[in-house]
Amino acid sequence: MKILVTGGLGYIGSHTVVELLEEGYEVIIVDNLVNSKREVLDKIKKITGIAVTFYEYDLCDKEKINLVFDKEKIDAVIHFAGLKAVGESVEKPLLYYQNNLISTLNLLEAMQKHNVKKIVFSSSATVYGNPKSLPIYEDFSLSATNPYGNTKLIIENILTDLYKSDNSFDITILRYFNPIGSHKSGLLGEDPNGIPNNLMPYIVRVATHELDVLNIYGSDYDTVDGTGVRDYIHVLDLANGHVLALKNNKSGLKIYNLGTGKGTSVLELVTMFEKVTGLKINKKIVSRREGDVAACYASNEKASKELGFKPKYNIEDMCLDSYNYIKKSKEIN
Ligand code: NAD
Ligand code: UD1
């Protein structure tokens, strides 16, 4: 099977490409490098021994994306490409709506035109807004609190309408919880530009002394120790979830949470990071971050039952692998 992976040089995409190649799939990547580097291609080759076909195209360019479908005999698409920084989306909403929506519309139109009907889409736990209870099930009500989240909700609606209009589409929406960790080789991982917004990349920067202190946003939540609780999932487990979604025999429109089902607080994560790396993380409690929820973790029962999804890695692995990637990339550079 030949799989088109959009955004395949990004954090989750690159790990998924490796997993696909190791499972014997042929992979084509389209990425405009807006948030990734071309050298990831070499790293994928180093890990798998396979040189992947790569198109440096912007999915907002309708002609270019159609060219890929004209040239390659694609069987299915995994659609990762998109902008994902919540804060930036609040400052530049038009950029987010433009990029995330136009690219997806172009892709779906090209798929329809070329009779490619199978797609797996990267959605997010952000679509649950402030959940009414925990764990979060797929049928909970949906809402968005920022333009980024809105693009995910709108795309989910577009996919639902597309399926209603044409039942031969086979659509899987995967709602990711909090992916962290990196490939065991230390060659692939996450290293955001500028000051990270998300917890694990921030912890790693404090560990490498690029940042002085971790601000812990609130210690007065109704949680195990007062700090925010999230469902961290190893990026390799997430990557595996995509392969399972492709292999799934159930057709139609399917929605799955991809999380471990376990909540971990900020303090628990920091303590585990310190334990496995032997490093001390400077931290201070500050006020709550606007828009944060106290706790958010998945029920992964549906993915487990229907896809056979079973996360293998624990918080210890996630901390170690997140740190190893940065350690290794700093040694190299
Ligand atoms: P990433 O930024 O590392 O990867 C996205 C890739 O898409 C990048 O390589 C970027 O260059 C590319 N891209 C963006 N716009 C494009 C366009 N118009 N044309 C071609 N390529 C384009 O992000 P990631 O963490 O790997 O996330 C992948 C997907 O998963 C995104 O859709 C994101 O919203 C979603 N997601 C991520 C998280 C997370 O915490 N990382 C959580 C939930 C959902
Ligand atoms: C983020 C995204 C959300 C996305 C989710 C999963 C934001 C605002 N939201 O949310 O859209 O769906 O990831 O990828 O980016 N924390 C600190 N100090 C820090 C950073 C974070 O204490 O420097 C705390 C937060 O308050 C939270 C936890 O750590 O309790 C996790 O934060 P983060 O990594 O940003 O993830 P989410 O809040 O889940």
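Strand β6 (residues 170-176) pairs with β11 in the parallel sense, over six bridges. Two strands are said to pair if DSSP finds at least two bridges between them. Helices (H or I, at least four residues) and strands (E, at least two) are DSSP runs, numbered from the N terminus. Within this pairing, arginine 175 has asparagine 257 of β11 as its bridge partner. Strand β11 itself spans residues 253-258, and five of its six residues are buried. Here, buried means under 20% relative accessible area, exposed over 50%, and partly exposed in between, with a 1.4 Å probe and protein chains only.

Before going further, the conditions. This is a predicted model, in which local features need pLDDT of at least 70 and side-chain atom pairs count only at pLDDT 80 or more, while totals for chains, interfaces and linings use all residues. Residues are numbered from 1 along each chain as its sequence is written, chains are lettered from A and ligands numbered from 1 in the order in which they are written, and side-chain values use heavy atoms, with hydrogens and water left out.

The pLDDT is the predictor's confidence in each residue, from 0 to 100. It averages 96 over the protein chain, and 99% of the residues score at least 70. Confidence is lowest in helix α11 (residues 315-332), with a mean of 90, and highest in strand β1 (residues 2-6), at 99.

To which sheet does β11 belong, and in what order do the strands stand? The sheet is open and has seven strands, in the order β3-β2-β1-β4-β5-β6-β11, with parallel pairing. Its edge strands are β3 (53-55) and β11, each of which pairs on one side only. From one strand to the next, the twist averages 20°.

Valine 30 has tyrosine 55 of β3 as its bridge partner. Further in, β1 and β4 pair in the parallel sense over four bridges, and the partner of valine 5 in β4 is isoleucine 78. On to the next neighbour: β4 and strand β5 (residues 118-124) pair in the parallel sense over three bridges, with histidine 79 opposite phenylalanine 121 in β5. Both faces of β4 are covered, with Ala76 and Ile78 buried on one side and Val77 and His79 buried on the other.

Helix α3 (residues 62-71) lies across β1, β2, β3 and β4 (76-79), running at about 165° to β1. For such angles, axes are lines fitted to C-alpha atoms, for helices over the stretch in contact, and the angles run from 0 to 180 degrees between N-to-C directions.

There is also a second sheet to show. It is open, with three strands in the order β12-β9-β14 and mixed pairing. Strands β12 (264-265) and β14 (295-296) stand at its edges with a single partner strand each, so one side of each has no neighbour in the sheet. Strand β9 (residues 229-230) runs antiparallel to β12, and two bridges join them; arginine 230 stands opposite threonine 264 in β12.

I turn now to helix packing. Helix α1 (residues 11-22) packs against helix α8 (residues 235-247) at an angle of about 60°, with the axes 8 Å apart. That makes α1 oblique to α8; angles under 35 degrees count as roughly parallel, over 145 as roughly antiparallel, 65 to 115 as roughly perpendicular and the rest as oblique. The contact, meaning heavy atoms within 4.5 Å, includes Tyr11, Ile12 and His15 of α1 and Val235, Leu236 and Leu238 of α8.

Helix α7 (residues 199-207) and helix α9 (residues 266-277) pack at about 40°, with their axes 11 Å apart. This angle makes α7 oblique to α9 as well. The contact is made by Leu199, Met200, Ile203, Val204 and Ala207 of α7 with Val266, Leu269, Val270 and Phe273 of α9.

How many residues of α7 are buried? Nine of the nine are, so α7 is largely enclosed by the rest of the structure. Among them are Pro201, Tyr202 and Arg205. Just after α7, histidine 209 takes a positive phi of about 65°.

Isoleucine 154 counts as partly exposed, because its relative accessibility is 30%. Leaving aside residues up to four places away in sequence, isoleucine 154 touches Tyr97 and Leu101. The C-alpha atoms of isoleucine 154 and leucine 101 are separated by 8.0 Å, although the two lie 53 residues apart along the chain.
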